[in-house]
Amino acid sequence: MGGAAAGAAAEETSVFGLAPVEPARTAAYGEHPDQVVDFYLPPPGTDGAARPAPLVLLFHGGAWRAPYDRRHVSPFAAFLAGRGLAVASVEYRRGGTDPARAGRWPETFDDIAAAVDTVPGLARDLGLPGADPDRVVLTGHSAGGHAVLWAAARHRLPSGTPWHLPSPSPLRGVAALAPIADLATARALDVCSGAVDELLGEGEGAGDADADGDELAARLGLADPAALLPTAIPTTIVQGGTDIDVPPAVADAFAEAAARAGQDVRLIRSDGGHFPPIDPTTPAAHTVAEEIARLAGADAAA
């Protein structure tokens, strides 16, 4: 195993070797079993009272494949909560019965949109101490990074599409971590072994669900965050300089597309590869926490 591959394997082992952290509360944001969210809450102040904290909607990665769920980001969610942020870790539909398959069209996108639209109000209705649903930041890793960039761009979708919003979501900002941010570039680089085409519905089998070339192109235009710029929502990308899972070229392509569209995107190049931004044992995760707090207009605890 080469040096880069060995380093990437060690980073992955570190993240997946962390013990899962149980949430303070789990709730459903829809009827499907995967439409659930785990809440992690910041500690109370020295007087024992809860302080209103920004609500961070966290979307996990895993190339939209079913074996990867929100449990692997639970230590990161708990870490952010310990830094004074309220966290809602979102589950969503990924691949179906085939564990190698990436995503479901259109259900994966249905869930992303539903979570962003519903979870802040759900947090309010549950009366969660320390969660301020009026200060929302989206953050996501890898495929979850795609999710949050896409969710912030829904007002840029054609008005006839089911996920269209008439105006931008009331978000404080978006922090995308090693995101699959530019789907065209990710397809060209075969990121995650064809995951993008599978997400868009290629090869699902005979019938209406199977997307041909023209349909794939149409879906790409609806699903690619880089094709839906500018969003007018403050956006940061944290990208590992040695990432071999989602290479820096994908984030660079998104940042270049944003610049052409007239949107400033803050691109932070962190040490290491794909997993340090969600590994609480790394400096990159501290950088992420500070950036989320900056977007939210809050101070992250040391």
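Which residue takes a positive phi just after helix 2?

Author: Happy to walk you through it. That residue is Gly84, whose phi is about 95°. Before going further, please keep in mind that this is a predicted model, in which local features need pLDDT of at least 70 and side-chain atom pairs count only at pLDDT 80 or more, while totals for chains, interfaces and linings use all residues. Residues are numbered from 1 along each chain as its sequence is written, and side-chain values use heavy atoms, with hydrogens and water left out.

Helix 2 itself spans residues 74-82; helices (H or I, at least four residues) and strands (E, at least two) are DSSP runs, numbered from the N terminus. Of its 9 residues, 7 are buried, so helix 2 is mostly covered; buried means under 20% relative accessible area, exposed over 50%, and partly exposed in between, using a 1.4 Å probe and protein chains only. Those buried residues are Ser74, Pro75, Phe76, Ala77, Phe79, Leu80 and Ala81. Their cover includes strand 2 (36-40), strand 3 (53-59), strand 4 (86-90), strand 6 (173-177) and helix 9 (283-296), where contact means heavy atoms within 4.5 Å.

Strand 3 runs parallel to its partner strand 5 (residues 131-141), with 7 bridges in the pairing, and Leu58 stands opposite Thr139 in strand 5.

A salt bridge is a side-chain nitrogen of Lys or Arg within 4 Å of a carboxyl oxygen of Asp or Glu, and the structure holds 16 of them. One joins Glu22 and Arg71 (3.5 Å, N to O). Here Arg71 sits in the loop between strand 3 and helix 2, while Glu22 sits in the loop between helix 1 (3-16) and strand 1, 49 residues apart. Glu22 is exposed at 56% relative accessible area, whereas Arg71 is partly exposed at 42%.

Helix 9, part of the cover of helix 2, takes part too: Arg266 and Glu291 form a salt bridge (3.1 Å, N to O). Arg266 lies in strand 8 and Glu291 in helix 9, so the pair ties together parts that are 25 residues apart in sequence. Arg266 is partly exposed at 41% relative accessibility, but Glu291 is buried at 4%. Elsewhere, salt bridges with shared partners join Asp34, Asp38, Arg70, Glu91 and Arg94 into one network.

Definitions and conventions:
Two strands pair if DSSP finds at least two bridges between them.
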